[in-house]
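Hi,

Here is the model I promised you.

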Amino acid sequence: MSLKGKNALVTGGSRGIGRAISLRLASMGAHVFVNYVSNPYAAEETQKMITDAGGTADIVAFNVADAEDAQETIKQLIKDAGSLDILVNNAGITRDGLMARMKEEDWDAVLDTNLKGAFFCAKAATRAMMKKRWGRIVNISSVIGFAGNAGQINYASAKAGMQGLTKSMAREFATRNITVNAVAPGYIVTDMTNDLPEEIKEKIKAEIPLASLGRVEDVAGAVAYLVGDDGEYITGQTIHVNGGMYM
Ligand code: NDP
């Protein structure tokens with residue numbers, strides 16, 4: 001399964017799940033654009049990991065939640081690189097809190113980054129994909145978008161919205177040979193989940209049939225499948241990578 005000659009952009013590709021996806025796509029031969037917004041060191045580390053393993057990568061800084069920044073940067077990237085074949089909308093944040101106490105800015109920040117950001121990036125990327133009549137888009141959703149979660153009403157809404165985005169885009173772009181799918185991870189060990197208190201982690205584990213938190217590589221494998229040859233007849237779908245915690 002080779003992605004040689006393909007350019008891939010992974011938003012939030014500098015850390016966590018995004019880093020694992022960047023490494024995996026690069027190992028399949030893609031030239032990877034590693035995006036970040038605030039921490040250049042993590043992005044440089046990811047780029048080095050890719051080149052050390054024999055792959056190629058560039059770093060591209062922009063804020064997915066800023067329409068102009070995201071779309072202009074992707075436009076320029078396409079101009080410079082000649083094409084953008086694969087987009088993984090992975091950048092995401094949490095701003096947890098119970099609904100009664102949730103501030104409007106926490107709602108907006110999470111919706112803007114996790115949902116609107118994916119829309120902006122996909123809008124810019126599909127221009128190039130439509131011309132080439134080939135494209136693969138994978139949106140990183142979450143089990144929380146399906147099951148809901150107390151204290152994460154903003155995050156759950158954004159991730160549930162991503163399902164509508166995925167299916168509608170899949171329908172709009174199918175005739176141009178652009179597939180659009182989602183991967184919905186359960187609890188994966190990253191900076192996002194590291195901060196959870198031990199007793200909460202133990203509680204979560206108790207609800208997972210496979211009895212452990214997931215690894216970033218588990219999510220990267222699902223993305224690799226969807227963008228590779230084996231996934232070419234799959235569109236508008238969601239692969240759940242959650243150890244069975246939501247079926
Ligand atoms: P991390 O917090 O480890 O990494 C987040 C990444 O997103 C970083 O690269 C960060 O860049 C980038 N990012 C954040 N905001 C923006 C922005 N506005 N513009 C561009 N980049 C941005 O997250 P995870 O790896 O844990 O999560 C990745 C995705 O997977 C998210 O969409 C998350 O919702 C989803 N997910 C995660 C789960 C988990 O258990 N970890 C479970 C289910 C879904 P920088 O470092 O520069 O800020």
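Predicted model: local features only at pLDDT ≥ 70, side-chain atom pairs only at ≥ 80, totals over all residues.

Let's begin with strand S2, residues 31-36. It is mostly covered, with 6 of its 6 residues buried. His31, Phe33 and Asn35 point one way from the strand, while Val32, Val34 and Tyr36 point the other way.

S2 has a partner in strand S1 (residues 7-10), and the two pair in the parallel sense over 4 bridges. Within that pairing, Leu9 has Phe33 as its bridge partner. To get from S1 to S2, the chain passes through helix H1 (residues 16-27), and this β-α-β crossover is right-handed.

S2 also pairs with strand S3 (residues 56-61), again in the parallel sense, over 6 bridges. Here Val34 stands opposite Ile59.

Now for the arginine. Arg19 is in helix H1. Is it buried or exposed? Arg19 counts as buried because its relative accessible area is 17%, and the cut-off for buried is under 20%. Its side chain makes a polar contact of 3.1 Å with the side chain of Glu45. Leaving aside neighbours within four places in sequence, Arg19 is in contact with residues including Gly12, Ser14, Ala42, Thr46 and Met49.

Cheers

Notes
Residues numbered from 1 in each chain as written. Heavy atoms only, no water. Buried < 20%, exposed > 50% of the residue type's maximum accessible area, 1.4 Å probe, protein only. Pairing = 2+ DSSP bridges. Right-handed = clockwise from strand over helix to strand, strands pointing away. Polar contact = N/O pair within 3.5 Å; in protein donor to acceptor, adjacent residues only side chain to side chain. Contact = heavy atoms within 4.5 Å.
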